[in-house]
Amino acid sequence: MRADRVFAYGAAAGLIGDLLLGDPRRGHPVAVFGRAAVAVERVLWRDHRGWGALHTAVCVGSAVGLGAVAEHVVRPSRTASVALTAAATWAVVGGTSLAREARVIGRALEAGDVDAARDRLPHLCGRDPQALDADGIARAVVESVAENTSDAVVGALVWGAVGGVPGLLGFRAVNTLDAMVGHKSPRYRRFGWASARLDDLAGWPGARLTAVLAALAGDRPRGAVRAWREDAHRHPSPNAGPVEASFAGALGVRLGGTLSYAGRVEHRPVLHQEGRAVATHDIERAVRLSRRVGLLALGVGVAARVFVKGRTA
């Protein structure tokens with residue numbers, strides 16, 4: 001079976017598996033990788049960029065190498081190749097868990113239980129929930145859905161289309177490491193530098209594709225494009241900026257502004273200034289937009305593989 005068909009069938013099956021099953025409660029492959037990365041960190045940690053780069057290379061290289069070996073082993077079997085791609089796709093995408101967590105918080109807000117929503121918010125993002133009222137929680141959820149659509153779905157499919165199973169596993173390894181050590185805490189300011197920069201590079205194509213697809217799939221394509229063009233560059237993250245701006249315009253809401261992480265207050269630029277404030281019902285709208293973007297990303301990835309295969313045949 002041609003490589004483009006293996007990816008098409010496998011990635012589609014993996015997305016269906018995520019839709020039906022979501023993430024496992026125990027023994028998730030990403031959690032296993034995280035524990036392994038922590039073990040490597042115990043050995044390699046130094047307050048130095050070079051040691052952090054070595055940590056990144058060991059962890060990401062191991063994930064990519066494992067994927068390459070597995071892909072080579074199953075290559076003689078069409079069924080096994082598709083099954084491996086499906087399993088890898090299911091393991092690295094997280095669209096269903098993202099939607100589930102967002103909806104749990106949305107239901108709590110709809111019921112007027114702001115305390116329950118605050119308790120659940122850390123499952124979705126790193127904001128300080130005690131600093132947020134109901135509207136602030138809703139805005140944080142919509143922003144997290146937008147950013148994680150790129151990180152947890154589209155980015156993985158992009159790298160799967162480019163590199164097959166090694167690409168899928170490598171992207172998830174990079175993204176996971178960034179979440180673990182890529183933040184600017186005293187311990188990781190230097191050690192996590194390489195992971196953060198590599199995540200910026202790996203996430204660049206997926207973030208732009210997410211922004212394009214959000215504009216196409218949303219209710220306000222022109223608003224999405226305008227917000228992306230005018231506001232994305234003002235966001236401190238090179239990848240979250242285009243995604244959040246495009247989602248804001250597509251949904252007709254304002255994102256950004258003042259937020260708090262672990263007691264540290266940040267004043268971020270407002271994205272799509274002419275939009276209205278985020279309301280609780282926008283959480284469900286953001287989840288549905290995220291779903292549409294993920295499906296479109298699969299189609300783009302498959303089409304790209306078919307096109308490249310046809311040009312090289």
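1. Basis of the note. The model is a predicted one, in which local features need pLDDT of at least 70 and side-chain atom pairs count only at pLDDT 80 or more, while totals for chains, interfaces and linings use all residues. Residues are numbered from 1 along each chain as its sequence is written, and side-chain values use heavy atoms, with hydrogens and water left out.

2. Helix 4 against helix 7. Helix 4 (residues 78-92) and helix 7 (residues 134-181) have axes that come within 10 Å and cross at roughly 140°; helices here are DSSP runs (H or I, at least four residues), numbered from the N terminus, and axes are lines fitted to C-alpha atoms over the stretch in contact, with angles running from 0 to 180 degrees between N-to-C directions. Helix 4 and helix 7 are therefore oblique to each other, a word that covers whatever is left once angles under 35 degrees are taken as roughly parallel, over 145 as roughly antiparallel and 65 to 115 as roughly perpendicular. The crossing of helix 4 with helix 7 is right-handed, that is, the near helix is turned clockwise from the far one by less than a right angle.

3. Residues in that contact. On the side of helix 4, the residues are L84, T85, A88, T89 and V92, and they meet A152, A156, L157, V165, L168, L169 and R172 of helix 7, where contact means heavy atoms within 4.5 Å. By class, the contact of helix 4 with helix 7 has 9 nonpolar, 2 polar and 1 charged residues, with Ala, Val, Leu, Ile, Met, Phe, Trp, Tyr, Cys and Pro counted as nonpolar, Asp, Glu, Lys and Arg as charged, and the others, Gly among them, as polar.

4. Helix 7 against helix 10. Helix 7 also packs with helix 10 (residues 240-251), at an angle of about 125° and with the axes 9 Å apart, which makes helix 7 oblique to helix 10. Helix 7 passes helix 10 in a right-handed crossing. From helix 7 the contact takes V142, E143, A146, E147, T149 and S150, and from helix 10 it takes A240, V243, E244, F247 and L251; the classes are 6 nonpolar, 2 polar and 3 charged residues.

5. The whole structure holds 15 salt bridges, each a side-chain nitrogen of Lys or Arg within 4 Å of a carboxyl oxygen of Asp or Glu. One of them joins E101 to R120, with the closest N and O atoms 2.9 Å apart, and this pair links distant parts of the chain, E101 lying in helix 5 (residues 95-110) and R120 in helix 6 (residues 114-120), 19 residues apart. E101 is buried at 16% relative accessible area, whereas R120 is partly exposed at 29% (buried is under 20%, exposed over 50%, partly exposed in between, with a 1.4 Å probe and protein chains only). D115 and R118 form another salt bridge, at 3.1 Å between the closest N and O atoms.

6. R285 and D282 meet in a salt bridge of 2.8 Å, N to O, and both lie in helix 11 (residues 281-312), 3 residues apart, or about one turn of the helix. D282 is buried, with a relative accessible area of 0%. Salt bridges that share partners join D219, R276, D282 and R285 into one network.

7. A57, in helix 3 (residues 49-74), is partly exposed at 46% relative accessibility, and its C-alpha atom is separated by 9.7 Å from that of V174, 117 residues apart along the chain.

Definitions and conventions:
Helix = DSSP H or I, 4+ residues; strand = E, 2+ residues; numbered from the N terminus.
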